[in-house]
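Q: I'm new to this one. Can you walk me through it?

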Amino acid sequence: MAEPCDLSVIIPTFNEEENIAAIIDAVDGVLSQNGIHDEILVVDDDSKDRTIPIVREIAGRQENVRLIVRREDHGLSQSVVEGFRSARSDILQVIDADFSHPPDLIPLFYEAIRGGADIAVGSRYTKGGDIEAWPLKRRIISLGATAFGRILFPEITDPVSGFFAVRRQVVDGAPLAPRGYKILMEVLGKGRWRTFVEIPFVFKDREEGASKLRAGTVIDYLRQCGGIVRFSVTRRTGSVWTEWNKVVRFGLVGLSGIFVNMGLLYALTEIAGLYYLVSAAIAIELSIVNNFVLNDVWTFRSIENLKFERKFSRFGSFQAVSMGGLAINMAVLYLLVDIAGAYYLVANLAGILIAFAWNYAINRHYTWVR
Ligand code: GDD
């Protein structure tokens, strides 16, 4: 059985025979010096040079190093996503193989996530960050890509950075479908995160091997931005729409409850001859049962992995919330009838409406929640 580890470091590679042994050594060295128990996942896209045999040899003697060789769907971002899936720890670090990203900084990323950040972004464009030895053309392309990315994520100074760490929950279950180079954009656009920190770093152009960035990368990037915009619009409108959908259903169920409530109140008071407050209490309780059943099987049926797994516990919660609603309903009824002299059926309707608002808000945040 593999030992648990604190940090999974994902290194995507394609033809990195000059760098890979040295970067593994450097990453492992800095992490063990800092007492961080790491695993290193090299995710390779079927390199044609000696990258694969070199990593195989290291993995054979070093238990915390693993190699994943991909033969389909070639791509840097796709490889990182594959690394996320296979990683064993809850903190995931991504770093290039070519020493563009200084491995010495990894402990800062690790501490940032442990300190509560969901994402730690290595930034070239925040104070203290820089880029060394890039040709003008590359600088211009990068500035353009960054500026475009910042329209989507204005709070992040370097949303196209390839050096970042992320808490596993951010990406778990997120519909990441990246193409090309900008995996961080995909994580920011589709992951579930709230807090981030930026860690300045100086990007050093590779000394060994060549960049794999191609003209098609720009097209991939633009398509990816389009995908992120589409996703966030549907996420926003989708969730607003589904919420309204639930409010409307909850309202319709409430309406059915009003019929049950009013019908029983009338029947028990006028036909059975009960005192109107006693009739109201019975009518309200039976309408609570009616509403629970309909809400459970219809209004909130799309919510999976509910906090209360069993129907009975959900009913307990709904009943408790409804007791608050009942108190509100009764108080309004009493105040309007006995103090304001209103007709009891009208007063009851007002009580039901106020209790409805309370019931939806509290049940939505307590009973039917994941
Ligand atoms: N598995 C896999 N598949 N790895 C790849 C691929 C691929 O198709 N292409 C590149 N890599 C690996 C490289 O082996 C290296 O470890 C890392 O990804 C970066 O590759 P480079 O080709 O050197 O990237 P770059 O310097 O042009 O781009 C870097 O900077 C960009 C910001 O300007 C990367 O960090 C990008 O992620 C970053 O956006």
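A: Start with a term: a nonpolar core is a set of buried Ala, Val, Leu, Ile, Met, Phe, Trp, Tyr and Cys residues joined through side-chain atoms within 4.5 Å. Buried means under 20% relative accessible area, exposed over 50%, and partly exposed in between (1.4 Å probe, protein chains only). The model is predicted: local features need pLDDT of at least 70, side-chain atom pairs count only at pLDDT 80 or more, and totals for chains, interfaces and linings use all residues. Residues are numbered from 1 along each chain as its sequence is written, and side-chain values use heavy atoms, leaving out hydrogens and water.

Q: Which residues of the largest nonpolar core touch the most other members?

A: Leu7, Val9, Ile11, Ile20, Ile24, Leu31 and Ile40, out of 33 residues in that core. The largest share of this core, 6 residues, comes from α1. Helices (H or I, at least four residues) and strands (E, at least two) are DSSP runs, numbered from the N terminus.

Q: What does Ile40 touch?

A: Leaving aside residues up to four places away in sequence, Ile40 touches Val9, Ile11, Ile24, Val27, Asp28, Asn64, Val65 and Arg66. Contact means heavy atoms within 4.5 Å.

Q: New topic. Asn329: buried or exposed?

A: Asn329 is buried, with a relative accessible area of 4%. It is found in helix α10 (residues 311-339).

Q: And which residues does Asn329 touch?

A: Ile284, Asn348, Gly351, Ile352 and Ala355, again not counting residues up to four places away in sequence. In α11, Asn348, Gly351, Ile352 and Ala355 are among the buried residues.

Q: Where is Leu294 found?

A: In helix α9 (residues 276-299). Leu294 is partly exposed, with a relative accessible area of 31%.
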